[in-house]
Amino acid sequence: MEHILTLVNESIQKTEFIMIKPGFLELTPTILQEMYSVGLEPVRWKTKTLTMEEAEKFYLPHKDEPFYKDLCKYMTTGGSTGFLCLNTKGIDVSKFKDRIREKYGVDDMRNVMHSSDSPNRKIIEKNIYLK
């Protein structure tokens, strides 16, 4: 199911793409609360199970890594929720992601959350996930 909130003058530079990974959807209300508390305001989101093709495109930068196939397989095992968020306070999203992973993650792969690591990847990942 996809949800969209209309924004006036939405700018891709002020947005972040964040995903709650499979197996952690029950934490969505808690993570949303933490997102809002640091100024990450979801404006568009979608819950779905990625296909293998989508997962492979999503994680393409890691194609040559030994964990790539296992990561893609894991990402297709169940529902995940992708969020396009306004970053209203200009926080460092990678530090937020690391804090959430430390708090709720199980291991390096099942680490609760993904966030885009560059403006180009944000556009690519948003387009794969929220199409």
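Student: Hi! Which residue does Lys57 form a salt bridge with?

Tutor: Glu53 is the partner of Lys57, and their closest N and O atoms are 3.2 Å apart. A salt bridge here is a side-chain nitrogen of Lys or Arg within 4 Å of a carboxyl oxygen of Asp or Glu. Before we go on: this is a predicted model, where local features need pLDDT of at least 70, side-chain atom pairs count only at pLDDT 80 or more, and totals for chains, interfaces and linings use all residues. Residues are numbered from 1 along each chain as its sequence is written, and side-chain values use heavy atoms, with hydrogens and water left out.

Student: Got it. Where do Lys57 and Glu53 sit?

Tutor: Both are in helix H2 (residues 52-58), four residues apart, so about one helical turn separates them. Helices (H or I, at least four residues) and strands (E, at least two) are DSSP runs, numbered from the N terminus.

Student: How many salt bridges are there by this rule?

Tutor: The count is seven. One of them joins Arg99 to Glu34, with the closest N and O atoms 2.9 Å apart. That pair links distant parts of the chain, as Arg99 is in helix H4 (residues 93-104) and Glu34 is in helix H1 (residues 28-37), 65 residues away.

Student: And is Glu34 buried or exposed?

Tutor: Glu34 counts as buried because its relative accessibility is 11%. Arg99, at 38%, counts as partly exposed. Buried means under 20% relative accessible area, exposed over 50%, and partly exposed in between (1.4 Å probe, protein chains only).

Student: What about Arg121 and Glu125?

Tutor: Their side chains meet in a salt bridge at 3.5 Å, N to O. Both lie in helix H5 (residues 119-129), four residues apart, about one turn of the helix. Arg121 and Glu125 are both buried. Elsewhere, salt bridges that share partners join Glu34, Arg99 and Lys103 into one network.

Student: Switching to rings: how many aromatic pairs are found?

Tutor: Three, from a search of the whole structure. Phe17 and Tyr129 have ring centres 5.8 Å apart and planes at 55°, so that pair is tilted. Rings of Phe, Tyr and Trp (its six-membered ring) pair if their centres lie within 6.5 Å; planes under 30 degrees apart count as stacked, over 60 as edge-to-face and the rest as tilted.

Student: Which parts does the Phe17 and Tyr129 pair tie together?

Tutor: Phe17 is in strand S2 (residues 15-20) and Tyr129 is in helix H5, so the pair ties together parts 112 residues apart in sequence. Phe17 and Tyr129 are both buried.
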